[in-house]
Amino acid sequence: ALVARCVRYLSDKNLAAVREDLANCETLGDKLDAYINNTVVKSFDLMETAVDSAQIVSSNNTAGQDALTAAKREQTALVEEIFAPHSQALLQHNEKPETIARFVVVTAMAIKASAKDRPDLERLIASLRRSVICLTKV
């Protein structure tokens with residue numbers, strides 16, 4: 001239950017920060033940066049400094065896993081909102097905002113979990129960012 005509460009707290013806090021930053025963003029790149037910086041990068045930095053981070057992340061705690069699933073769902077809905085204005089361009093590539101949103105969230109979480117260090121994280125994020133922005137170009 002403690003793991004679930006921690007996940008819920010951090011998720012709510014990070015998503016609120018994303019929404020706050022989105023109010024000042026104009027471009028898709030800026031919006032993706034707001035999402036990535038407030039979720040992936042913040043979490044990566046936290047995990048790098050947390051003593052028991054590996055145990056928390058790999059927890060088989062059902063409540064913790066449920067909280068992580070809920071957080072992914074909420075992040076995906078938010079990222080879908082970011083891509084919604086680009087739905088026509090995405091259709092040109094046989095994609096939809098909801099599919100790209102899920103792809104971004106799942107890939108971002110995988111990047112966060114597998115990056116060797118901060119420079120590696122930044123390189124992988126840059127590749128993800130460039131690739132999804134390309135899909136919004138007609």
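Mentor: A definition comes before the helix. An axis here is a line fitted to C-alpha atoms, for helices over the stretch in contact, and the angle between two axes runs from 0 to 180 degrees between N-to-C directions. The model is a predicted one.

The part to look at is helix 1. At 1.5 Å a residue, its 21 residues should span 30 Å, and the end C-alpha atoms are 30 Å apart, which agrees.

Next come its two sides. Ala 4, Val 7, Ser 11, Asn 14, Leu 15, Ala 17, Val 18 and Leu 22 are the buried residues of helix 1. These residues cover an arc of only 165° around the axis, so they are on the same side of helix 1. An α-helix has 3.6 residues a turn, so residues three or four places apart point the same way. On the other side of helix 1, the exposed residues are Leu 2, Arg 5, Tyr 9 and Glu 20.

What lies over the buried side? The cover on the buried residues of helix 1 includes helix 2 and helix 4. Take helix 4: helix 1 packs against it at an angle of about 10°, and the two axes are 8 Å apart. Angles under 35 degrees count as roughly parallel, and helix 1 and helix 4 are therefore roughly parallel to each other. From helix 1, the residues that meet helix 4 include Val 3, Ala 4, Val 7, Arg 8, Ser 11 and Asp 12.

Ser 11 lies in helix 1, and it counts as buried because its relative accessibility is 7%. Leaving out residues up to four places away in sequence, Ser 11 touches Ala 71 and Glu 74.

Now the wider picture. The largest nonpolar core has 30 residues, and those that touch the most other members are Tyr 35, Val 79, Phe 83, Val 104, Leu 121, Ile 125 and Val 132. Helix 1 (2–22), helix 2 (28–49), helix 4 (62–83), helix 6 (97–114) and helix 7 (118–134) each supply at least two residues of this core. Helix 2 gives the most, with eight residues. As for Leu 121, its contacts beyond the neighbours within four places in sequence are Val 40, Val 41, Phe 44, Ile 111, Lys 112 and Ala 115.

At 1.5 Å a residue, the 18 residues of helix 6 should span 26 Å, and its end C-alpha atoms are 25 Å apart, which agrees. Buried in helix 6 are Pro 97, Ile 100, Ala 101, Val 104, Val 105, Ala 108, Met 109 and Ile 111. Their arc around the axis is only 160°, which puts them on the same side of helix 6. Arg 102 and Ala 113 are exposed on the other side. Helix 2, helix 4, helix 5 and helix 7 are among what covers the buried residues of helix 6.

Asn 94 counts as exposed because its relative accessible area is 71%. Its phi is near 55°, a positive value in a residue other than glycine.

Definitions and conventions:
Residues numbered from 1 in each chain as written. Predicted model: local features only at pLDDT ≥ 70, side-chain atom pairs only at ≥ 80, totals over all residues. Heavy atoms only, no water. Core = buried A, V, L, I, M, F, W, Y, C linked by side-chain atoms within 4.5 Å. Buried < 20%, exposed > 50% of the residue type's maximum accessible area, 1.4 Å probe, protein only. Helix = DSSP H or I, 4+ residues; strand = E, 2+ residues; numbered from the N terminus. Contact = heavy atoms within 4.5 Å. Expected span 1.5 Å × (residues − 1). Arc of directions from axis to C-beta. Parallel < 35°, antiparallel > 145°, perpendicular 65-115°, else oblique.
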